[in-house]
Amino acid sequence: MKNRIKKSFLIIFIISISFLIVDFFISSYLLKSSNSIYKKKKYGYYELSNSYKGFEIFGSTIYKVFTDKYGFRSATNSNLKEKYNIIFLGDSATYGMMNWEESLPGIFQIISNQKVLNAGVPSYSPTTYLHRYKKALEYELLKNNHIVIIALDISDVQDEAGHWMDPDYFDLNNVNHPINMSAFNTSSEGSEERFHIKKWIIDNFKFSIMIYRMIKFYSTGYDYLEPIFNTSRSAFTWKDFNQLNKLKATEGNNYTRGYLPLGVEGGLKKIKKKLIEINKIVKSNNGKGIYLFTYPWPAQVKYKDNFGWLSFVNSICFEINCLGSVDIIEDIIEISNNNNNWYKEIFLNGDIHLNSYGNKIAAEKILNKLKSNN
């Protein structure tokens, strides 16, 4: 009996070690592939690499990524130069943390039968949208009378308040790109070391971590939606500004990370300023104009908006005489009123991004708005 138990433990041990070894090599490859997508520059700034072909891993999802020779995400690895009538500016929700054909620009391209330039980059915001649009103009990728669709979301406020700054904020010379404040964040040596160890384990044992999280979520009763709904990153529409302005945007955890140095109000003002700048450049470069598109994080569906995010966006659209404002926040709130499983139906499970169905809702509404304006 003892020998049988020892033999069973030995088999389990060998299988576990073998799994960890395989997991390490596959995860390391995927990590290297994911990191290769991004081209890093001075002071924390980054762009997409040129002519990339490979895989990216996001949470439990692995998907293909292609970029063109100018560093814009594309449907294929073709390096032919094209001119586009429509450009999407945005962050990860525009870039698409999924296969191209499931992303917002991908679905829009399919249903509209028009090729679009996807200028989205994860964790970007209006300061970097402006830089991205200038790059498209520099490479002459846009047709005369082109349309710019800017996807705004709640996270842009924190990013503008404390992540992305212009070089003159630090009085830096010879820097022609935005500055990421995360590059200047300092932590205690001990916590920094623990962070790197934890990150190394998560990055290099992806599948083991997925299994661990599944056990944690489904066996211990852990509420994995709680940090998704209550992240400070999407809290300014329902939480007091004074509570959110206590810490820097680059410090703290998922719940406490703040909005300093500019604060919530400073982030909102900066969004408006950058959208006005983009609009002026569009008009001075033979563009037809811009549409402002807004979509919710899960918190904006669950909690009442005490700020008036849509009114804020609409007021900017009116001031700059934009081509139109399109939102799906109210559409998704209406779905949630009739469907208790609205989160899983519309968002990537365990995440704040829209899934392919949510992106389809968005793409169809944007297309209908464009058609109604013709």
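## Close-up views of the predicted model

View 1. Because glutamate 364 and lysine 360 lie four residues apart in helix α15, about one helical turn separates them. In this predicted model, the two side chains form a salt bridge whose closest N and O atoms are 2.6 Å apart. Glutamate 364 is partly exposed, with a relative accessible area of 33%, and lysine 360 is likewise partly exposed, at 39%. Elsewhere, salt bridges with shared partners join Lys41, Glu47 and Lys135 into one network.

View 2. Aspartate 331 and lysine 365 form a salt bridge in which the closest N and O atoms are 2.7 Å apart. This pair links distant parts of the chain, since aspartate 331 belongs to helix α13 (residues 329-338) and lysine 365 to helix α15 (residues 356-373), 34 residues apart. Both partners are partly exposed, aspartate 331 at 26% relative accessibility and lysine 365 with a relative accessible area of 30%.

View 3. Lysine 274 forms a salt bridge with aspartate 166, and the closest N and O atoms of the pair are 2.8 Å apart. The two residues are 108 positions apart and link distant parts of the chain, with lysine 274 in helix α10 (residues 263-284) and aspartate 166 in the loop between β9 (164-165) and β10 (179-180). Lysine 274 is buried, its relative accessible area being 3%, whereas aspartate 166 is partly exposed, at 22%.

View 4. Serine 125 is placed in the loop between β7 (116-118) and α4, and with 0% relative accessibility it counts as buried. Leaving aside neighbours within four places in sequence, serine 125 is in contact with Asp156, Asp159, Glu160 and Trp164; its C-alpha atom is also 9.2 Å from that of glutamine 158, a residue 33 positions away in sequence. The 13 residues of helix α4 (residues 126-138) should span 18 Å at 1.5 Å a residue, and this agrees with the 18 Å between its end C-alpha atoms. Buried residues of α4 include Pro126, Tyr129, Arg132, Tyr133 and Lys135. After the helix comes glutamate 140, which has a positive phi, near 55°.

**View 5. Isoleucine 202 in helix α6.** Isoleucine 202 is part of helix α6 (residues 189-204) and, at 24% relative accessibility, counts as partly exposed. Apart from neighbours within four places in sequence, isoleucine 202 has contacts with Ile209 and Arg213.

**View 6. A nonpolar surface patch on α1 and α7.** A nonpolar patch with about 940 Å² of accessible area is formed on the surface by Leu10, Phe13, Ile14, Ile17, Phe19, Leu20, Ile21, Phe25, Ile211 and Ile215. Helices α1 (2-36) and α7 (206-219) each supply at least two of its residues, and α1 gives the most, with eight. Isoleucine 215, located in helix α7, counts as partly exposed at 48% relative accessibility.

**View 7. The whole chain as context for the close-ups.** The chain has 15 helices and twelve strands. Its radius of gyration of 22 Å is close to the 21 Å that the globule rule gives for 374 residues, so the chain is as compact as a globular protein of that length. Buried residues make up 49% of the chain.

Notes: Residues numbered from 1 in each chain as written. Predicted model: local features only at pLDDT ≥ 70, side-chain atom pairs only at ≥ 80, totals over all residues. Heavy atoms only, no water. Expected span 1.5 Å × (residues − 1). Buried < 20%, exposed > 50% of the residue type's maximum accessible area, 1.4 Å probe, protein only. Contact = heavy atoms within 4.5 Å. Patch = residues over 30% accessible without salt bridge, like charges linked within 9 Å, V, L, I, M, F, W, Y side chains within 5 Å. Areas by Shrake-Rupley, 256 points an atom, 1.4 Å probe, with all protein chains shown as cover. Salt bridge = Lys/Arg side-chain N within 4 Å of Asp/Glu carboxyl O. Rg over C-alpha atoms; globule rule 2.2 N^0.38 Å.
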